[in-house]
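Subject: Structure handover and notes

Hello,

Here is the structure for your files, with the notes below it. Please read them with the sequence open beside you.

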Amino acid sequence: MLKNNVISKKAIINPLLMLSAMWLGYFLQLQGFFESCFGAIIPLLPEGLLGIITSPLLHGNLDHIVGNSIPIAILMFLLYQFYPIVANKVFIIGWLATGLLVWLLPPIDIITGDYLYTCTIGASGVVYVLAFFLFFSGIFKWNMKLLTISLLVVLYYGSLIWGMLPEELFYNLQEPSKIAWQAHIAGAVVGVILAFTFKKVGDKKKKYIWEFPNYYSEKDDKLWQEYKENHPEDFLELPYKEKDDIWKHLDELRRK
């Protein structure tokens with residue numbers, strides 16, 4: 001599956017850079033930086049715009065960052081290994097577009113309809129961008145290698161679909177859920193759009209010569225023509241169509 005059995009350097013370096021930035025952001029949080037909602041996405045409020053850039057690097061606790069680090073590492077590796085031409089565009093546009101979409105979504109409790117002052121942090125939105133891009137890109141391109149990547153993504157991260165729904169739909173919670181389903185659904189939507197946008201860039205479905213109608217012509221087969229010239233004895237007993245005699249046709253026309 002790997003191109004020429006070579007692993008791309010970017011497929012190793014870029015995930016490591018992202019993980020380093022995430023853990024640096026978490027370390028700064030532990031040191032007192034990014035307190036309260038500073039650096040988070042706060043929907044529809046100007047002070048929340050900074051979070052479009054910084055929120056994927058911030059996490060609520062150790063479990064939160066560990067839970068995002070593993071899929072970020074795997075999905076970024078797949079993105080840069082198998083989609084090197086569009087990888088940077090998908091990652092950067094996906095990051096910013098998801099953050100902007102989360103900022104634009106009204107923070108309304110779907111159960112009560114109450115306005116909620118929410119602060120969204122974490123790289124899960126980016127995870128959803130990558131997962132949905134990798135899955136749908138393989139389908140849109142209909143390339144067997146990329147479809148294998150789609151299959152791997154759905155096998156290991158198919159459960160992400162449930163994260164796109166509010167937790168309140170499944171449980172009776174005493175307080176609002178801390179799971180940012182808005183970021184998840186925003187990332188999924190952006191990932192699908194990017195997969196469709198870049199479906200004609202990079203690897204596409206390969207069409208083999210035998211899939212074309214009338215692809216074979218005996219006259220164009222040089223080996224076959226050479227064989228016929230060098231081995232005429234092999235074709236002596238083959239039935240041949242009798243050549244038309246134009247004079248016979250003339251006689252028939254005269255009789256009419």
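A disulfide here is a pair of cysteine sulfur atoms within 2.5 Å. In general terms, a disulfide is a covalent bond between the sulfur atoms of two cysteines.

This is a predicted model, in which local features need pLDDT of at least 70 and side-chain atom pairs count only at pLDDT 80 or more, while totals for chains, interfaces and linings use all residues. Residues are numbered from 1 along each chain as its sequence is written, and side-chain values use heavy atoms, with hydrogens and water left out.

Disulfide

The whole structure contains 1 disulfide. Cys37 and Cys119 form the link, with an S to S distance of 1.6 Å. The link of Cys37 and Cys119 is right-handed, with 90° about the S-S bond. Cys37 sits in the loop between helix H1 (9-30) and helix H2 (51-54), and Cys119 in the loop between helix H4 (87-104) and helix H5 (124-141), so the pair ties together parts that are 82 residues apart in sequence. Cys37 is buried at 18%, whereas Cys119 is partly exposed at 31%.

Overall make-up

The chain has 9 helices and 0 strands; these are DSSP runs numbered from the N terminus, with helices being H or I of at least four residues and strands E of at least two. Of its 256 residues, 35% count as buried. The accessible surface of the chain is about 17000 Å², and carbon and sulfur atoms account for 64% of that. Areas come from the Shrake-Rupley method with a 1.4 Å probe, and for residues only the protein chains shown count as cover. Contact means heavy atoms within 4.5 Å. Among contacts between residues at least 6 apart in sequence, 76% join residues at least 24 apart.

UniProt record

An unreviewed UniProt entry lists "transmembrane region" for residues 21-45, 65-83, 90-109, 115-139, 146-164 and 179-198. UniProt positions are given in the numbering used here, feature names are shortened, and annotations may be inferred rather than shown by experiment. In the model, residues 65-83 are 95% helix and 0% strand, with the end C-alpha atoms 26 Å apart. For residues 179-198 the figures are 85% helix and 0% strand, with 30 Å between the end C-alpha atoms.

Individual residues

Ile72 belongs to helix H3 (residues 62-82) and is buried at 0% relative accessibility. Leaving aside residues up to four places away in sequence, Ile72 touches Met18, Leu19, Met22, Ala123, Val126, Val127 and Leu130. Ala123 is 51 residues from Ile72 along the chain, and their C-alpha atoms are separated by 8.0 Å.

Two residues in the loop between H1 and H2 may be worth a look. Ser36, in that loop, has a positive phi of about 55° although it is not a glycine, and Ser36 is exposed at 78% relative accessibility. Leu44, also placed between H1 and H2, has a positive phi of about 65° and is likewise not a glycine; Leu44 is partly exposed at 42%.

Regards

Methods: Buried means under 20% relative accessible area, exposed over 50%, partly exposed in between (1.4 Å probe, protein chains only).
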